Amino acid sequence: MNAPLSAQLLRKEDQRLITGTGQFSADAQAVGLLHAYVIRSPHAHARIVHMDLSAVRSAAGVHQVLTAQDMQDAGFADLPNVAQVKGPQGQPQTVCTMPVLARDKVLYVGQPVAWVVADTALQAQDAAELAQIDYDTLDAVVTYADATAPGAVQLHPQAPGNTSVKFEAGDRAAVDAAFAQAHFVSDIAVDSQRLVGSPMEPRAVWAWHDEAKGVTHVHTPTQGVGGMAGFLAHITCWSPESMEVHTHDVGGSFGLRATAYSEHPLVMLSTRLLKRPVRWVGSRSEIFVSDWHGRALLLHGHIALDAQGHILAMRFENQVDVGAYNAYFSTHIGARNLSITMGGAYHVPALHMSAHIYFTNTVPVSAYRGAGRPDIAYAIDRLIDHAAQQHGLDGVAIRRKNFIAPQAFPYTTANQTVYDSGHFEAVMDHAIGMSEPQGLAQRRAAALQRGCLLGRGLAYYLEASGPGGAAKDQVRGSFDAQGVLTLRALTGASGQGHETSFAQIVQNEIGLSASAVRYLAGEPEKGLVGNSTGGSRTLYGAGSAIKNLCQQFMDQAKPAIAVLWGCDPADIGHAKGEWQELIGAKRRLRFADWIASLGAQAAQVQAVGEAASGATFPNGCHIAEVEINIATGVAEVSHYWAVDDVGQVISPEQVLGQVHGGVVQGMGQAFGEHVIYDRETGQLLTGSYMDYPMPRAGGLLRHFHHETHAVHTDLNLLGAKGVGESGCSGSLPALANAVTDALRQVGAPPMDMPFTPAKLWAAIQAAPRRP
Amino acid sequence: MKLNLTLNGTPRSADVPERTLLADLLRDTFGMTGTHVGCDTTQCGCCTVHVDGQAVKSCTMLAMQADGCTVTTIEGLGANGLHPVQQAFSQCHGLQCGFCTPGMVMASVDLLRRNPTPTPDEIAEGLSGNLCRCTGYVNIIRAVQQASQVMQGEAP
Amino acid sequence: MLLEAGKDLGISPGQVSAASPRFASPVAFRVDCRLRRKPGVLEDFPVYAFKYQRAESVGAASAALSADDSAKVLSGGMTLLPSMKHRLTAPSALIDVARLPEMTGVRQEGDHWWVGAATKHQDVAAHPGLQKAMPGLTTLAGLIGDPQVRARGTLGGSLANNDPSADYPSAALALQAQIITDRRTIEADDFFLGMFATALHSDEVITGVRFRTPQRCAYAKFKHPASGYAMAGVFVAQYAAAGAANGGWRVAVTGVANGVFRWHEAEQALAQGAQPPAMQRDDVIDDVHAPAAYRTHLALQMLAQARQSLS
């Protein structure tokens, strides 16, 4: 039991996490810490007529109460919207940003209205109840039909029809022409329903102001301290030098930690005004109405095929519900992410999409694991299966016939996306080969014996990993006198195991033991450029910079080795962390040994590695078999096979872990998760885990088999593609195609997710055939 | 109100308001922040600790209810190095972000106490009070199986 | 109904959601309450602090409740504490009965088994005598919540709360339970008065429950995929026929309607060896998780499953 820990642990970060000595933001103690509470709107849509907070201010323990007026006095801006697009005739997007605290109106249940700071969290919450806020309630709209209906109540006066923008991409004329001469045409609308991401650590932030240095320190889970600092600077309008963001352990993110929420600038202002540290920690019920929601997309896909089954065109009409405000990434999702890979893995000569980006009285939507790419992958592969079904074609044959061929790469899609590499047919055949297709009839029969309909679904997904907003990723590396390499960068982890993967890269490149490598991304790094974690790009983004860093170390060392050996640098080669004399005595020296020999001088060995790594295109084939109990409607995933092309694999266990996590999140969306608002009142009906079914242990208990099929990409130094979000992209269409196949056996039509027991049972009951 | 308990083998006492939850007592009064609060409807299990040898959700106990009890948190589990369950979680990659991990480990230890050789279905049922958003649970179940084998003296 | 100001309904958050979509989220429920208050009443808004005392005896617990009509009994706390955390109920005092030896344990008493009101679900589930005498009861106890909840939650707490989706009320009804309090014995058929309402007086303490040993019994439950409560739970028990119209069968259903109920049509069908008819009730829960038709179907399914477990 007392053996060296490093020998027994898979990841470096495990040591603190399995012993409860991790540092999550709510764990920090600070002398004189004050606690904040947010007063939130109870209404989906209302005018704030009158606010009397005097009783709150004079309640026990209360130090401060802030409202929108204080935001104005402080000169704070609204929470930003990251991407803006134009309509097809150049019409500007109507961007309606979210205020830190509501001004004259509230637009969704949970919207922050006022802020209370007190000695204890309970005192702040107690005091908040004394607020007297008079609301004049208005009609609420929470569906597309209601929000865009003529005469519907308007959330924002400047956005008629509750429309932010109608965006188009692709070539409408070419698509129309293709459809006109198509032999087979098919269409299907699929709902990628609104979800909560629900990382297990509730959002938290605390801040303290260093008067002497004029710097406000903000401690909060992020996906990258630099990215968060940028958003905070935008909102507060304070100089970037006057704030520092610190991130410690992060309990999951899935896209939701990349951005500042109202509580971030509020703790910053409070701490400066009160001259004491201030902390806010969300309760899960609050998180349900305040973490940005995910997905909330309706995708209506159309496909045109010629008589031989070649795809001539695809067209999508998408409804993008961004919630009450344009917050952060919703436009990026609805415009860019739904269009850049809208042809999927297929050669599609003509592509067009229109996206109606609209407002509803709901929590604003931003990025959640995949951010539109699982959704479009879902729509594409549902569309292909649907077309195959409708026209008596074979879905696998259609895919095979239309895959982009390996020799066509780099491949430019009809809407100008450049794909890096892929062996789609080989990957699909790899998956099919693994998936025991010959036993299907027997498995169906056996399932029926047990009172279950067994459906099988195959999906081929392709998605784009994040291009990265920063010009490049940089990683600074320096050695200490003990030969330990410390890496510093801006891309933070929230479970992806960066500390371990990056140490692994160093070990692979220069042979330095992973145990002698530390990766730190929680502190602001002056002068470093880099992306936050997001879009499944960190491993190859920051990792490529690390590879470059290692190259630089080897180059730095070379002259020193030449001196040491008394030879010409040209006579030294190196491979995998070892220098070799190419002539003469053929001496060898490992990098680790050279560093060790430097002693205190090792501190002079430092460099900043960098790499510009763009989007890559992870892809793969997922095959699912789902058994639906006819008597209860309960669906179980009985088999799941997946082959993913994630390029070069650095850490096989962590890749598999990401796939497990992504697939189970996909199962959650497929079989039960759904954020439901009451259509009349706009109240949230699924406001806690009592009503929002999170996947629990046992869902993927049965046969699950995953393999990777690496196809190198030239778009980064590691040849790796992302994997973090691929599990969602593959699982949604595979599971949906499987359920559709099961329902088809009794003649029941396709249905939208979530495939709850109640819905499946009702569909089977109403179906025209018995199994 | 005063209370006394044995925390991770050490007698401790505190004087806290009655409405203090056991989770708050552990985290705020005793600084044992390994026990996490992940929800407010007693469902996520991140707050799981052992009270008198049983796994319970510390967010749904008053500190006063633990007066006179023996409490073990994640910090007290590996008192002599790592518990086999802790080791297995790491070796089987049964954790990613680590937020659910203390509660998951405490629940797993209790599960193995009650059922030393559980089937995968029994493990899933035994962990039905614990949520994880990162791992998909596949490796968590493997970890508990491995811990079970180690604790039964078998090779993992 | 849920918004009667000042009335402490002790509603758990999940039940607000399940029972009444209009007030699904605790936030909405609480604030709607506040808005209904007349101006000037806010100063009287309850403070959430409370006194905590461990009862020395049943009598002492009862006396403490009589002395303070905002005091509540605390047993396992698995429904009371979440409700308090969401500020749906704010007792002035909690009287902790969990450690009273006279309220804990399991023992046979002739053709009944007595279970103490403070007995934990896991202890009921694991009791060998109960497993043999009434396996439906031990199965039920083992299906409540999750392992951690079962280590704390108690029989008395569940019955006193009478959540329409809780499991124990169905066992009490089906097994002809006698609910023994500090002052009387109440027959199960008279105990459950509708959603969250029982025949208990506000200062009355359940000390134990006597379940009548059946010839055989079983419980089948379809768990709500989110909350883990019963979306439909059916308890079936068979006693000697003794000329009764229902042939000695008792069938109790929970999770389906606004309170646990005896399913008389199913009892008669069992007595006649016939197929039970579809359930006809106008108070079947219909919500975003399951329409009424699905719930009544599940009741039939769970009845069939329970019947199958009987042999």
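I began with chain C, whose secondary structure comes to 13 helices and 12 strands; helices (H or I, at least four residues) and strands (E, at least two) are DSSP runs, numbered from the N terminus. I noted that this is a predicted model, in which local features need pLDDT of at least 70, side-chain atom pairs count only at pLDDT 80 or more, and totals for chains, interfaces and linings use all residues. Residues are numbered from 1 along each chain as its sequence is written, while chains are lettered from A and ligands numbered from 1 in the order in which they are written.

**Chain C, overall**

I looked up burial and found that 57% of the 311 residues in chain C are buried. A residue is buried if 20 or more other C-beta atoms lie within 10 Å of its own, exposed if 12 or fewer, and partly exposed in between, with C-beta atoms placed from the backbone. I then turned to contacts (C-beta atoms, placed from the backbone, within 7 Å). Of the contacts in chain C between residues at least 6 apart in sequence, 63% join residues at least 24 apart.

**Chain C, sheet**

I traced an open sheet of 5 strands in chain C, with the order S4-S5-S8-S6-S7 and antiparallel pairing. Two strands pair if DSSP finds at least two bridges between them. Strand S4 (106-109) and strand S7 (185-187) of chain C are the edge strands, each pairing on one side only. On average, neighbouring strands of this sheet are turned by 25° against each other, direction ignored.

**Chain C, domains**

Chain C is divided into domain 1 (13-96) and domain 2 (102-310), with bounds from an automatic or database domain assignment. I found 18 residues of domain 1 of chain C in contact with 27 residues of domain 2 of chain C. On the domain 1 side, helix H1 (13-19) and helix H3 (58-67) of chain C are the elements that give two or more residues. H3(C) supplies the largest share, 6 residues. By class, this side has 8 nonpolar, 9 polar and 1 charged residues; Ala, Val, Leu, Ile, Met, Phe, Trp, Tyr, Cys and Pro count as nonpolar, Asp, Glu, Lys and Arg as charged, and the others, Gly among them, as polar.

**Chain B, domains**

For chain B the assignment gives domain 1 (2-76) and domain 2 (84-151). I noted that the C-alpha centres of these two domains of chain B lie 21 Å apart. Their contact takes 15 residues from domain 1 of chain B and 11 residues from domain 2 of chain B. Strand S3 (48-51) and strand S4 (54-57) of chain B are the elements that give two or more residues to the domain 1 side. The largest share of that side, 3 residues, comes from S3(B). The residues of that side divide into 6 nonpolar, 9 polar and no charged.

Conventions: Axes are lines fitted to C-alpha atoms, for helices over the stretch in contact, and angles run from 0 to 180 degrees between N-to-C directions. Two residues are in contact if their C-beta atoms, placed from the backbone, lie within 7 Å.
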